[in-house]
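Subject: Structure handover

Hello,

Here is the structure you will be working with. Notes on what was found in it follow below.

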Amino acid sequence: MTPGAIDQMTDRVRRILAPNPSPMTGPGTNSYLIGRGGDLLLVDPGPLDASHIAALHRAIAPGERVAAIIVTHPHLDHSAAAPSLAKETRAPIWAFGASGQGRSPLMRHLAAQGLTGGGEGVDHGFAPHRRLQDGEFLSGDWGDVEVLHCPGHMAEHICLGFGGVLLSGDHAMGWSTSLVSPPDGDMAAYMASLDRLAARSWHLMLPGHGAEVRDVAARLEDLRHHRRMREAAIQAQLAMAPASAHDLARQIYTQTPAALLPAAERNILAHLIDLFERNAITAATPLHAETVFSLHPAKA
């Protein structure tokens with residue numbers, strides 16, 4: 001994968017990698033063009049980077065035009081270039097909604113009580129021209145693309161499906177697991193969305209970061225298993241002593257570089273909130289980032 005290169009993933013999908021590698025983005029953000037000739041869909045235009053925007057323009061062949069820009073979720077590494085490209089191409093921006101619009105009642109309540117995210121690069125100014133609906137089909141020269149609302153990594157996250165190909169955004173990737181950071185992230189929703197995707201038959205997964213995945217069913221099951229094992233590890237630690245997300249991240253992620261521990265802590269917090277809601281653990285105080293949790297007496 002080379003930034004700026006045009007990778008032909010299928011006869012109707014091109015991938016263009018943005019030059020924004022990091023521990024959180026892997027090799028960078030993948031932008032996709034769906035279609036061949038005529039109208040195209042541009043999925044996840046990526047960061048506001050002049051070289052990447054130029055590469056996207058180069059990837060559009062003569063006689064083609066961007067009919068719409070789809071953003072899988074309003075994180076800056078996926079959405080920041082959307083307004084600029086919308087102006088240049090005169091294409092509308094489509095997404096599930098602005099940040100916060102898709103939160104569950106629980107996450108809205110926690111946010112109102114003061115729970116904030118961990119600085120994951122939320123695009124607070126993002127405002128699509130049209131809100132997409134779960135189950136909606138987007139039809140055009142590119143074919144028929146289904147919108148799948150898959151909250152978890154972010155409440156507004158969508159995946160796209162067509163012809164057995166899954167554009168999975170940041171919900172499912174091959175190179176890494178996804179960050180789930182409340183109140184924008186929601187572990188219960190994340191697991192339900194994984195189950196929904198796993199119930200379908202896919203022959204190719206094109207994620208928001210990293211290489212394509214050919215054995216989609218196996219990868220989705222790996223991700224489900226990883227989360228179940230992480231949940232079990234949290235409960236095992238709490239069986240020994242009460243702890244906060246901060247404590248548990250350092251007890252469980254023993255091989256993780258220090259720079260990535262804050263993200264690990266947010267994932268642990270998401271698991272803790274989910275376990276608390278399922279009455280598997282108890283909390284010493286109302287839920288917040290520093291709450292100390294204990295294993296429910298009935299589970300001990």
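Which residues of β2 point one way, and which the other way? Val13, Arg15 and Leu17 point one way, Arg14 and Ile16 point the other way, and all are buried. Buried stands for under 20% relative accessible area, exposed for over 50%, and partly exposed for what lies in between, with a 1.4 Å probe and protein chains only.

Before the rest, the ground rules. This is a predicted model, in which local features need pLDDT of at least 70 and side-chain atom pairs count only at pLDDT 80 or more, while totals for chains, interfaces and linings use all residues. Residues are numbered from 1 along each chain as its sequence is written, and side-chain values use heavy atoms, with hydrogens and water left out.

Helices (H or I, at least four residues) and strands (E, at least two) are DSSP runs, numbered from the N terminus. Two strands pair if DSSP finds at least two bridges between them. Strand β1 (residues 6–10) runs antiparallel to β2, joined to it by 4 bridges, and Gln8 stands opposite Arg14 in β2. The two strands form a hairpin through 2 residues. β2 is also joined to β3 by 5 bridges, again antiparallel, and there the bridge partner of Arg15 is Tyr32 in β3.

Tyr32 also stands opposite Val43 in β4. β3 (residues 30–34) and β4 (residues 38–43) are antiparallel, with 3 bridges. They form a hairpin with 3 residues between them, and Gly35 in the turn has a positive phi of about 125°.

From β4 the pairing goes on to β5 (residues 64–70), which runs parallel to β4 over 6 bridges. Leu41 has Ala68 in β5 as its bridge partner. Together with helix α1 (residues 50–59), β4 and β5 make a right-handed β-α-β unit. Right-handed means that, with the strands pointing away from the viewer, the path from the first strand over the helix to the second runs clockwise.

Asp186 is in the loop between β11 (165–169) and α5 (187–198). Asp186 counts as buried because its relative accessibility is 13%. Its contacts (heavy atoms within 4.5 Å) are Ser104, Met107, Gly152 and Val180, leaving aside neighbours within four places in sequence. Ser104 is 82 residues from Asp186 along the chain, and their C-alpha atoms are separated by 8.3 Å. The side chains of Asp186 and Ser104 make a polar contact at 3.3 Å. A polar contact is a pair of N or O atoms within 3.5 Å; within protein, one must be able to donate a hydrogen and the other to accept it, and residues adjacent in sequence count only if both atoms are side-chain atoms.

His149 is in strand β9 (residues 143–149) and counts as buried at 18% relative accessibility. A polar atom of its side chain lies 2.8 Å from the backbone oxygen of Ala155. Not counting residues up to four places away in sequence, His149 touches several others, including Phe96, Asp134 and Arg196.

His109, in helix α4 (residues 105–112), is partly exposed at 43% relative accessibility.

Pocket and cavity

On a 1 Å grid over the protein atoms alone, a cavity is a set of points where a 1.4 Å probe fits but cannot get out, and a pocket is an open set with protein on both sides within 12 Å along at least five of seven lines; lining residues have an atom within 4 Å of a point. Grid points are joined across faces, edges and corners, and a volume is the space filled by probe spheres set on the points.

The largest pocket holds about 670 Å³ of space. It is lined by 34 residues, and the closest to its centre are Pro23, Met24, Leu179, Leu260 and Ala263. α6 (216–240) and α8 (261–277) each supply at least two lining residues, with α8 giving the most, at 5 residues.

There is 1 cavity of 30 Å³ or more. The largest cavity has about 40 Å³ of space, and among the residues that line it are His75, Glu120, His153 and Asp184.

Regards
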